[in-house]
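Have a look at the structure, then read on.

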Amino acid sequence: MTQQTWDEVGGLLPHDEFRAASEAIVANIEQVIEGKTATVRLALAVLLAEGHLLIEDVPGVGKTKLAKALARSIDCTVRRIQFTPDLLPSDVTGVSVYNQETHDFEFRPGAVFANLVVGDEINRASPKTQSALLECMEERQVTVDGVTYQLQTPFMVIATQNPIEMEGTYPLPEAQRDRFTARIAMGYPDSNAELAMLDGHGATDPLHELRAVSDAAIVRQLIATVRQVHVADAVKQYAIDLVTATREAPDLRLGASPRATLQLLRTARAVAALEGRDYVLPDDLQALAVPVLAHRIIPTADAQLARRTTDAIVSELVHRLPLPHDRQRNPYDTRPPATGNGRAPYEPRRP
Amino acid sequence: MISSRNIGMVAAAATLLAAAPLSAIFQGWTWLIESIIAVAVVAGVAALTRLARAPLWGQVLGMLAGLMLALTWLFPSGQELFAILPTPGTFAYFGDLLAGSMQDMRSYGVEVPDTDPLLFIAVLGVGAVAVLVDVLAVGLRRPALAGLPMLAIYSVPVAVYVDSVPAVPFVVGAAGYLWLLVTDNVDRVRRFGRRFTGDGRDVDVWEASPLASAGRRLAAVGVALAVMLPLAVPGMTGGLLDSLSQGPGNGTGNGSGSGGTSGRIDLFASLAGQLNQSQVADLVKVKTSEQSPFYLRYAVADELRPTGFQARNPSGRSVNKDLPNPADRAGPGVQQATYQATVEVTKSLSMSLMPVYAEPTRADDLSDNWLYDANQQVVFSNRENSRGRKYSFDYVRSTFTQDALRAAKPLPTEHPVRRQMTATPGPVSEVEELVKGLIQGKRTDYDKVLAIYRHFSADNGFSYRLSTESGSSGQDIVNFLTNKVGYCQQYAAAMAWLVRSAGIPARVAFGFTNGSKRDGDTFTLTNLNLHAWTEVYFDGAGWVPFDATPAYGVPGSTRSAWAPDTDAPEAPSPNSSATSTPTDPGASTGPEGPDNSDRDTDDGLSLGGTTPNEQPPVWPWWAAGLVALLVLLAVPALRRMALRRRRSGRAASVAMASATVDGGSEPGARPVVVTADANRARADAHAAWAELLDTLVDFRVPVDPTETPRATADRLVRDALDDDDAIGSARLLGRAEERARYARDPLTGERLLPALRAVRAALATRADRRTRLLAAVLPPSVLLRWRTTMADRSSRMVALTGQARYRLLRWNPRRLLADRAAR
């Protein structure tokens, strides 16, 4: 297994090739998932942002199908883990077994040793097993018996889950939720899409006919290109404002982490690149605020009693937060820049 | 229990503070000590009765009994049991004191001495107010009502002082009242239990209640209203004294004395103010049986201070009592005749003095409130004023021969009149030298006076002019003696000063000349006839008037035999008065007598030289005001136009600059140009976007600060625009701003100005007429920005004051006390 450090991504792709490659992936997935362009693009954006994707919805709306379609569209190693209540951490990370021939322990890699890991029904496994994902998702490495094994690039966990109100589910720990870049909901297809689905899926599963349109090398190049997308200071400030707002919102017990800020900007870069821009707009952040932030935060008991979902709270924050005033500063102006949006310095909220 | 005791004590203290205005009435402070005793007794009894849980009526009875005991002890009649228990004899004595107080109130002017009757009524009043305040504030818990009895105390000096009442005692009383209110409300708020702020924080013990700031604000508004409202109401000014107090000198004695002088008028200042007025108002109509009367007097300034001559507070007894008869001064060479005069004061003259001829012997139609000062020979009142009064009186006119005056012996040095009326505030060397030169070789007092009197003649270069500076202090006298130009004020004061320097009693009298409007035996006197002259005291003859002012300057000027006009072409025979009959008492009218009296007023005016009679036309002011108003109204529109021009200038330059970039084919120079161009393009896009936002505000399209340029443009396209050109323009503007803000390279080469125009035109066609008009005349964007700036400033100021207040609060005594208590 060729170990590759995370920073060794491919070279840059020119604008046209980037567009062609990304459009090809999206179009490929859309053969399976009809009428969900935005969701598909978001899933791709998470891949290009070097993040992990959590697809949460009720059963039967195509979560696993989206995950598998994305995996099959890219010609790379794909592993699938079915999270069941009796799954063990070693099933995920791998285990050292005693080799009779060599009289030595030998490492059997687990399911995470792949470019794309599809974790199905992730919240049906116990938190103990889910915790096995913590290291690999954030640090892209696995440590078993004191030996650390690097994972490959690209590495992406695509997990599906049912809402936690469903039977037989465990809630994901906050630490693990925070490692998922975005949580997307599939939603029911509209009637036209459902009709097309009936036509297309009636006889055969289109997933089987799906061909890979890209490979790991191209994805690495795509990732490298996304990293070059320009983010103006004003946009960074806006991202910070957004995250700070979640930390200060009275409805929230736990706000978004600095990791969330980082991933918000990365995803925004990817979305901007997918739209053919080489700069990030506040619009991207506004569109991504709910998918990227909503699953990390915990509402207060009052807000829960009032049946306010985190999605609603975050989108309300977005609609209330003014854009930072982002006139370009005079280079000779040595005054310190105005901090934040004029509010009191942030004081961490005790969860 | 503790709190009500606390309020009771505060009520007592507030009563005492509210009694502060009485200090303006009494000379001494005995009243205060006795009031403190009475109020303390009342408060103590109240506290005791409340301790015994007596009902309210019991408290009242107890307090009244306590007050009675205190009064009995303070004003003993000698018949009490154990010095404090009243007997019927005590009450009879109290009745006597009350009657006596009525008597004293009439006979004494302010400030009154400490007589027992007056002290009794003062202490009784303060004690009664203390009872009332205690009942209202503690018993009924209506401390606001307690202000009424407190105000009753304040009304006493208001009734006594006609013109103005000292402000400081009122402030003291008001502070006491506020203290009472604050104490009650603090107690009331504490009864709610724990105090807290809006953000859920507990309020420390030392902190003021959060409600207090609202209260303070209300109080400030109330005080401001109370001060401003009377200023806005017309008709409360216009009397003589009011207008005088705005005259050149301040009406309150230049602050040289303590509280006692505050009620006085600066007679000189009032005189100058009246003489300099451009409007002529009839002040007095006088009808007399005398053929050619001397001046009508109303006041005397006989106290010479470093600041000049000032009026002493007159004192005397009622005019309706027997007035001193000057007949006892009759002697050889002194002729006396009795005349009758009727004076009618118009509404324009309002003062506490009443003009009379010297010296009145009997007065009719005047109430007991009018008193006569035999020494100053003036009629005055501490309660009423002269406005609109009509009265008649008998008076004795004394005329003297020069020989009779010459025969008068100099007063002995220890004579009270001489001691008082020759006092000068320190020797002024010029005056001393002048007087020494003038009286050299003169043996009698009269000759000395006459020499001084003659010094002020035209031969010596003295002339009359109204426009000199007023004043009668030592420095002003020297100036006048050097410049030799002045009017009656300086002549009278200077002569009196010189005569005093010669050791002869002298004072300055104020009154009216005979004026220029004579109809038979009726004289109509105006403010221009106000006059001042000198009076010199001769033993046996009394006060003898001398008018040193040049006769040509004074309409209706009158000269007497003993003081002939020094400027007359031919001096009258010194003995002419000896042969004159009583009906013609030696008073000869001046060279400009009643014949050419019509001209006199004009003369006086032209001599004054500063007061043209014609009113300037008013319309230029209206026109100027209208123009100013229009300019003011046009300011927002002009500001908007200037903004638009500046931004258009930027937007227009972008096309030019990008053209140069496109034209520049040399590759080496290009990067530099491009950076400059990028910055400029960015600025231009920002300018265009700012202009677009302002336009939106102007046309009342909502602007959301949370929206990105792209979202704003999309919303515009969706909601406000239907023209393809405008839609494209709006998107272009949004894209340009978006690129300028967030992209590496801004959009260049686009024509933003036409796009802006297109959007504006599209918005204008959609807007209704009123919105269009407002956008052109009073652009909401400019107004909004100004309003925001103002709000920002004020909030910043509030924040700063809040910080400062918090810092100050660290040294709040309440906090320090609370800390100490906690420790």
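Two residues count as being in contact if their C-beta atoms, placed from the backbone, lie within 7 Å. This is a predicted model, where local features need pLDDT of at least 70 and side-chain atom pairs count only at pLDDT 80 or more, while totals for chains, interfaces and linings use all residues. Residues are numbered from 1 along each chain as its sequence is written, and chains are lettered from A and ligands numbered from 1 in the order in which they are written.

Helices (H or I, at least four residues) and strands (E, at least two) are DSSP runs numbered from the N terminus. Axes are lines fitted to C-alpha atoms, for helices over the stretch in contact, with angles from 0 to 180 degrees between N-to-C directions.

Let's begin with a helix lying on a sheet. H16(B) lies across E14, E17 and E18 of chain B, and runs at about 15° to E17(B). The sheet itself is open, with four strands in the order E2-E14-E17-E18 (chain B) and antiparallel pairing; two strands pair if DSSP finds at least two bridges between them. E2 (296–301) and E18 (542–546) of chain B sit at the edges with a single partner strand each, so one side of each has no neighbour in the sheet. On average, and ignoring direction, neighbouring strands here are turned by 40° against each other. Inside this sheet, Ala509(B) has Trp533(B) in E17(B) as its bridge partner.

Chain B has another open sheet, this one with six strands in the order E8-E11-E6-E1-E16-E15, again with antiparallel pairing. Its edges are E8 (360–364) and E15 (517–519) of chain B, each with a single partner strand, so one side of each is left without a neighbour in the sheet. The twist from one strand to the next averages 25°. In E11(B), Tyr395(B) is the residue opposite Pro360(B).

| Strand | Partner strand | Bridges |
|---|---|---|
| E14(B), residues 506–512 | E17(B), residues 530–538 | seven bridges |
| E8(B) | E11(B), residues 390–400 | four bridges |
| E4(A), residues 94–99 | E5(A), residues 104–109 | six bridges |

The chain A pair makes a hairpin with four residues between the strands, and His103(A) in the turn has a positive phi of about 50°. Gly94(A) stands opposite Pro109(A) in E5(A).

Back to H16(B), residues 488–501: this helix packs with H14(B), residues 445–455, at an angle of about 145°, and the axes are 10 Å apart. Which residues of H14(B) meet H16(B)? They are Val449(B), Ile452(B) and Tyr453(B), and they meet Met495(B), Leu498(B) and Val499(B).

Finally, the chains touch: 18 residues of chain A are in contact with 12 residues of chain B. On the chain A side, H11 (233–248), H13 (282–293) and H15 (310–320) each supply at least two residues. That side has 10 nonpolar, three polar and five charged residues.

Terms used. Ala, Val, Leu, Ile, Met, Phe, Trp, Tyr, Cys and Pro count as nonpolar, Asp, Glu, Lys and Arg as charged, and the others, Gly among them, as polar.
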